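Dear colleague,

Please find below the sequence and structure that I am handing over to you. My notes on the strands and their pairing follow.

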Amino acid sequence: MQTELISLRADAQDTYEKLSRCARALREGKLVVFPTETVYGLGADATNALAAAKIYAAKGRPSDNPLIIHIADPDDARKYIYMNETYQRLAQAFMPGPLTVVCESRDTVPLTTRGGLDTVAVRCPSHPVANLLIRLCDVAIAAPSANRSGSPSPTSARHVMEDMDGRVDMVIDAGPCDFGLESTIVKTEKDGTLTLLRPGKITVEQLETLAPVRIAQAVTASMRPGDVALSPGMKYRHYAPQTPLTLLSGGTQKILSYIRSECTADARVGVLCYREDLPAAREALPGATLYDFGARTDESAQAHILFYLLREADKECFDAIYAPLPEPKGIGLALYNRMIRAAAHRIVRL
Ligand code: TXA
Ligand code: MG
């Protein structure tokens, strides 16, 4: 398959014409990658089982791992879910935006799209390109992150093309994604509470202003044999670089001494460093490749760059990659969740 790369210019008429063509392709059952405020999504008509099946094939994704359906207006969810009050309150507070809500599904969503479950995950993206594309389609778009299964979600069209060139019909390039990590996912429970299935930009602290939140165990820990995954995606290894990633917790000097003691003189290592630690790291690890991971307290900057850096560092074929372990609160919980998975739980506390 020939993949058409569509670059958007800052010209409303041009954008409208190009997105109209993409919307037509989606209606014909084709695969179109589009930008969102979180990461790039690999879209197909959510109501077309054959089109949704193509998503699983293009990603190499197991067919029991359901897709999120994307709508242009929070109220459009009525066509696809049995509305509940919790959804309405969440929608009012956080949609459009980086929040996905799992509710009981209607039959309008084929089983292929929802991985055979009786629930479906709904999200209303705030990115203007995503929003206009869905509006022009006039149907929900099913879209997982546009990476091959097992690699970090793409936050730029270049990273999409590295995984998806030749596997999808169109890729819309609208520059880097704003947030850089996937949406927060919550499940609405019958008793009005929420279960957090995946942390993201909408934090637990923000959700708790609306309903009691239980954090699924897999968010901060590994699955143990016999555990049941609340979200099918939890049981699959994710965001995994080829090079082993180790997370280090402790003071800067301790971290730098540890890396020095672990690496032979000719070892090739990559290190994600908080910006203020770069001078000390340059001195302590003269042979290492250092990546600026943003200021220590700027979790949004770290979220924005994490997947980008993991992909770039992975291309260097290092012997090892090291990164600091974030604090699991606020947006830090989303960083923590993605990073412990990318590191396959290799964490050293110093
Ligand atoms: O930010 C995002 O959410 C991006 C953009 C493209 O919107 N999408 C995304 O989709 O991250 P995906 O497929 O890569 O991750 C969705 C996760 C999967 O782990 C899946 O198992 C879970 O959501 N999920 C989907 N439907 C579910 C359901 N009905 N119940 C529980 N988990 C569900
Ligand atoms: Mg994904």
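Helix H9 (residues 299–315) lies across strands E12 (245–249), E13, E14 and E15, and runs at about 160° to E14. Contact here means heavy atoms within 4.5 Å. Axes are lines fitted to C-alpha atoms, for helices over the stretch in contact, and angles run from 0 to 180 degrees between N-to-C directions. Helices (H or I, at least four residues) and strands (E, at least two) are DSSP runs numbered from the N terminus.

This is a predicted model, in which local features need pLDDT of at least 70 and side-chain atom pairs count only at pLDDT 80 or more, while totals for chains, interfaces and linings use all residues. Residues are numbered from 1 along each chain as its sequence is written, chains are lettered from A and ligands numbered from 1 in the order in which they are written, and side-chain values use heavy atoms, with hydrogens and water left out.

The order E14-E13-E15-E12-E16 describes an open sheet of five strands with parallel pairing; two strands pair if DSSP finds at least two bridges between them. Its edge strands, E14 (289–292) and E16 (347–349), each pair on one side only. On average, neighbouring strands of this sheet are turned by 25° against each other, direction ignored. Within the sheet, E13 (residues 269–273) and E15 (residues 320–324) run parallel and are joined by three bridges, with Gly270 opposite Ile321 in E15.

Elsewhere, strand E8 (residues 170–173) pairs in the parallel sense with strand E1 (residues 4–7) over four bridges, and Ser7 has Asp173 in E8 as its bridge partner. Strand E2 (residues 32–34) also pairs with E8 in the parallel sense, over two bridges; there, Val32 is partnered by Met170.

With kind regards
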